[in-house]
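Dear colleague,

Please find the structure below, together with its sequence.

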Amino acid sequence: MPRRLEAWSSVQTRSEDGSYASVQRASSARPVVERSHSGARALGQRYWREAARASRGLVRCLQEAEGVELRLLGRGPALLSFGPAETSVGDERVSCTYPIRGGVLARREGGTLALSQVGAAGVELRAEVTGFVPRLGATLGFAQQRLHAAISRRYFARLIAEAHP
């Protein structure tokens, strides 16, 4: 995997209602997935694979038709629970969005995780969390956002390395 990403950025904000928004971006010289619903689903599947790799197996991603659950060692209650993937394909954008359903790390259901590729030749890769409210407030929310940013950075680097060997 490349050590540096081109045009990497990460921005987190917190709203008055306690919800977080987080956007990570990186550039790729070429698309990393095809512009199709299959390509959009691949963005999601590869994100969950990278999340499991980043935790070194401590957190397991259980993907089923009903959605995705992150569980500690694959057992117990879901740390985070997501609804089924919603894919979108347009002229310049491919995306896979998961509604956040809750879990022990979420105060309530609501918000989304969206993974996308924007552009046709040179593309921008994005990982965006919107409307997420952490259960334990600002401190845990900040830690979760930093973890999401680190996973996103690894995810982008792997996407680019696998698409541009």
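**Salt bridges in the predicted model**

Glu124 and Arg25 form a salt bridge, with 3.4 Å between the closest N and O atoms. Glu124 belongs to strand β9 (residues 123-132) and Arg25 to strand β2, so this pair ties together parts that are 99 residues apart in sequence. Glu124 counts as partly exposed, with a relative accessibility of 23%, and Arg25 is likewise partly exposed at 28%. Please bear in mind that the model is predicted.

A salt bridge also joins the side chains of Asp17 and Arg108, at 3.9 Å from N to O. Asp17 sits in the loop between β1 (6-14) and β2 (20-28), and Arg108 in the loop between β7 (93-102) and β8 (112-118), so parts 91 residues apart in sequence are tied together by this pair. Asp17 counts as exposed, at 52% relative accessibility, because the cut-off for that class is over 50%. Arg108, at 38%, counts as partly exposed.

In a further salt bridge, Glu69 pairs with Arg71, and their closest N and O atoms are 2.3 Å apart. Here Glu69 is partly exposed at 25% relative accessibility, whereas Arg71 has 18% and counts as buried, because buried means under 20%.

Glu50, Arg53, Arg154 and Arg158 are connected through a network of salt bridges. The count of salt bridges comes to nine.

With kind regards

Methods: Residues are numbered from 1 along each chain as its sequence is written. This is a predicted model: local features need pLDDT of at least 70, side-chain atom pairs count only at pLDDT 80 or more; totals for chains, interfaces and linings use all residues. Side-chain values use heavy atoms; hydrogens and water are left out. A salt bridge is a side-chain nitrogen of Lys or Arg within 4 Å of a carboxyl oxygen of Asp or Glu. Helices (H or I, at least four residues) and strands (E, at least two) are DSSP runs, numbered from the N terminus. Buried means under 20% relative accessible area, exposed over 50%, partly exposed in between (1.4 Å probe, protein chains only).
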